[in-house]
Amino acid sequence: MTRARRWIGEHLVLGLGLLVLAYTFVPIAIVVLMSFNDSSTSRNVYKFQKFTWDNWLHPGSWADGMADSVWLSIRIALLATVVATALGTLAAFALVRHRFAGRSAANLIIFLPMASPEIVMGSSLLALFVSAGFGGQLGFWTILIAHIMFCLSFVIVTVKARLSGLNDNLEQAAMDLYATEAQTFWRVTFPLVLPGIVGAALLSFSLSFDDFIITNLNAGQEVTFPMFVYGANQRGVPMEVNVIGTAMFVISIAVVLGNEIVRRRQEKALAA
Amino acid sequence: MSQVHEGAAAPSGAHARGADGSRDLRLTGLTKEYATFTAVKSLDLVVPQGEFFALLGPSGCGKTTTLRMVAGLDTPTSGTIHLGDTEITFEKPYRRPVNTVFQNYALFPHLNIAKNVAFGLERRGIKNTRQQVADMLELVELTSQAHKKPTQMSGGQQQRVALARALINKPEVLLLDEPLGALDLKLRRGMQLELKRIQTEVGLTFVHVTHDQEEAMTMADTIAVMNQGVIEQMGAPSELYENPRTTFVANFLGQSNLIAGEIEGRDGDHVKVRVQGAVASVPGDRAHSDSGKGWLGIRPEKVLIAEAGTPIDAPGDVITGGYVTDVSFVGVSTQYSVMMPWGQELTVFEQNTGARSMLPVGTKVDISWRPEFAFLLDASQDAKAGIEDD
């Protein structure tokens, strides 16, 4: 009796942990599995028919419009990331380093895009575009503007957190050690804030790439990848969608792992 | 990052020497006012070249503000700072031949120890820093740690890196802002000796800010005791301790018994004071007031104590009628609290020579002291100034 109880005590946490992991990873495993599913013989896309490399090797045979939608999403995500990261980093510096009228109000307002429902933001943006006379020009640029807008909050918050954690004694120490203002920034401040900026950029990219609600309202005739998946779902999701899903997953894991490997190698080099 | 112009900030090497060729640090009428209070009030101070100088005072006395103005990290409201004949009052921090060891070390977390130490040299465009860095790491005994990051080191090691990072630039003045505050007692004692050794070895001017009176006395050639933005008294540690001029210095530097008295006036080179019925005389150079009411001061270890009726080896008057209220044995000495007939408790330290056993609580005692050890202060000052309530 007591032995059984002890066995449960020792293994319960582990077991629960594995269950939680499974809960998180089973959907991803399904996506990976389905990316190798040969659906050409059956319309029932939710059943694994037969293993094939075709989905991966022949983008030419992808469903109509899918490759275009992926390319559009990538372009928008890259542009939105670059602009939002640059603007957001500058804004974060201003908010942390400078005292100005309206600073605390600004600090509060940057949380609004994160806190308000996407559907509200999307529709109000649409109303704005239409009333400003751009109702006929909805498309690439309106999507980009919308994405920069919602990425900006996340960038500011991420960089701000990094920057406020930075001991400003470090900058004074640099100046004390003969570094000019510019040298202090590039040699001390920037390298220390960089991890925050990179994190903000990665976050922006993924936020932009998979946004559906705001994009859908402001896209006009354009179709981004999430919109394509949503549309395709009416008839049955083509297996190629899982290829993109798997690729995104592998790339994100690779970025994280690569980052870790570089960090460990640097540490090892330093310790040697 | 390569577009950053290196070496723009080299401090000019050929500084004008003072009239006598010295490079003393001179603060003249230095004042720092904030919106709600004045941190430093018209401070005048000369730190001779090559001296280990301590600015001692409680937190908030303005000592760190003074240091930061010398470093160029704060701008004075008025007054000037000179190094020799060169005025540096408004010079940018990176243009002054002054380096700082910060209270929390402020080591660059993204650079390893060698890079941290080389930082100042590299900013001045000095190319081959390897040998100098190696020498400096050897001086602070961290040669084997050169490739570690600051976070991988202990507090004491980080402190030594901070010191090496400042010293390598051979500044004319090295500022130390409570550099030992974060270390535990044992390490602190070790570092005090180390700092003193290094200062003697390199012969630079050290300005050391601290609130630890023992630390200041151990290391400094000269101590300036600061309180509420002004210097109360300045001098060699023994001079400040033996002959304090204000109640603040008397209490902040060690402990003092201050007994209220009526000053009767000068008599030759002594000043006579009537204290609770007896008359005490204080050497003229130790009397900092010569009329009205005064505080007669005597250090606890200078007070002689004996059981009532037994002889005391002192030429002055014996004060009778006290009794012991508290005894604490601290090894090298025994500390007594003695309640005097006029209702004041005096502190007496007696060295454990073994000549007599400890006096138990309640023992009736007589006390006395040699007149040359007493000092006399103006009674308009608060007798409790400078007592740290901890």
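This report describes the chains, helix packing, sheets and interface of a predicted model.

## Basis of the model

Residues are numbered from 1 along each chain as its sequence is written, and chains are lettered from A and ligands numbered from 1 in the order in which they are written. In this predicted model, local features need pLDDT of at least 70 and side-chain atom pairs count only at pLDDT 80 or more, while totals for chains, interfaces and linings use all residues.

## Chain A: annotated spans and a helix pair

An unreviewed UniProt entry annotates "transmembrane region" at residues 12-36, 72-96, 108-132, 138-163, 184-207 and 243-262 of chain A; such annotations may be inferred rather than shown by experiment, and their positions are given in the numbering used here, with feature names shortened. Residues 138-163 of chain A are 92% helix and 0% strand, with end C-alpha atoms 37 Å apart. For residues 184-207 of chain A, the figures are 100% helix, 0% strand and 33 Å. Helices (H or I, at least four residues) and strands (E, at least two) are DSSP runs, numbered from the N terminus.

Helix 3 (residues 66-97) and helix 9 of chain A pack at about 140°, with axes 8 Å apart. Axes are lines fitted to C-alpha atoms, for helices over the stretch in contact, and angles run from 0 to 180 degrees between N-to-C directions. The crossing of helix 3 and helix 9 of chain A is right-handed (the near helix is turned clockwise from the far one by less than a right angle). Among the contact residues are A:Ala77, A:Ala80 and A:Gly88 of helix 3 and A:Ala200, A:Ala201 and A:Ser204 of helix 9. By class, this contact has 9 nonpolar, 7 polar and no charged residues. Ala, Val, Leu, Ile, Met, Phe, Trp, Tyr, Cys and Pro count as nonpolar, Asp, Glu, Lys and Arg as charged, and the others, Gly among them, as polar.

## Chain B: domains and sheets

The domain assignment, automatic or from a database, divides chain B into domain 1 (25-97 + 171-242) and domain 2 (255-378). The C-alpha centres of these domains of chain B lie 34 Å apart. The unreviewed UniProt entry places "domain: ABC transporter" at residues 25-253 of chain B, a span with 35% helix and 26% strand.

One open sheet of chain B has 4 strands in the order 2-1-4-5, with antiparallel pairing (strands pair if DSSP finds at least two bridges between them). Strand 2 (38-47) and strand 5 (86-87) of chain B are its edge strands. Between strand 4 (residues 78-83) and strand 5 of chain B there are 2 bridges, and B:His82 has B:Glu87 as its bridge partner.

A second open sheet of chain B has 6 strands in the order 6-7-8-3-9-10 and mixed pairing. Strand 6 (98-101) and strand 10 of chain B each have a single partner strand, so one side of each is left without a neighbour in the sheet. The twist averages 20° from one strand to the next. Strand 3 (residues 52-56) and strand 8 (residues 205-210) of chain B are parallel and share 5 bridges; B:Phe53 is partnered by B:Val207. Strand 9 and strand 10 of chain B form a hairpin with 2 residues between them, and B:Gln228 in the turn has a positive phi of about 50°.

## Interface of the chains

At the interface, 19 residues of chain A are in contact with 24 residues of chain B (C-beta atoms, placed from the backbone, within 7 Å). Helix 8 (169-176), helix 9 (181-209) and helix 12 (240-271) of chain A each give two or more residues to this side. The chain A side has 13 nonpolar, 5 polar and 1 charged residues.

Notes:
Two residues are in contact if their C-beta atoms, placed from the backbone, lie within 7 Å.
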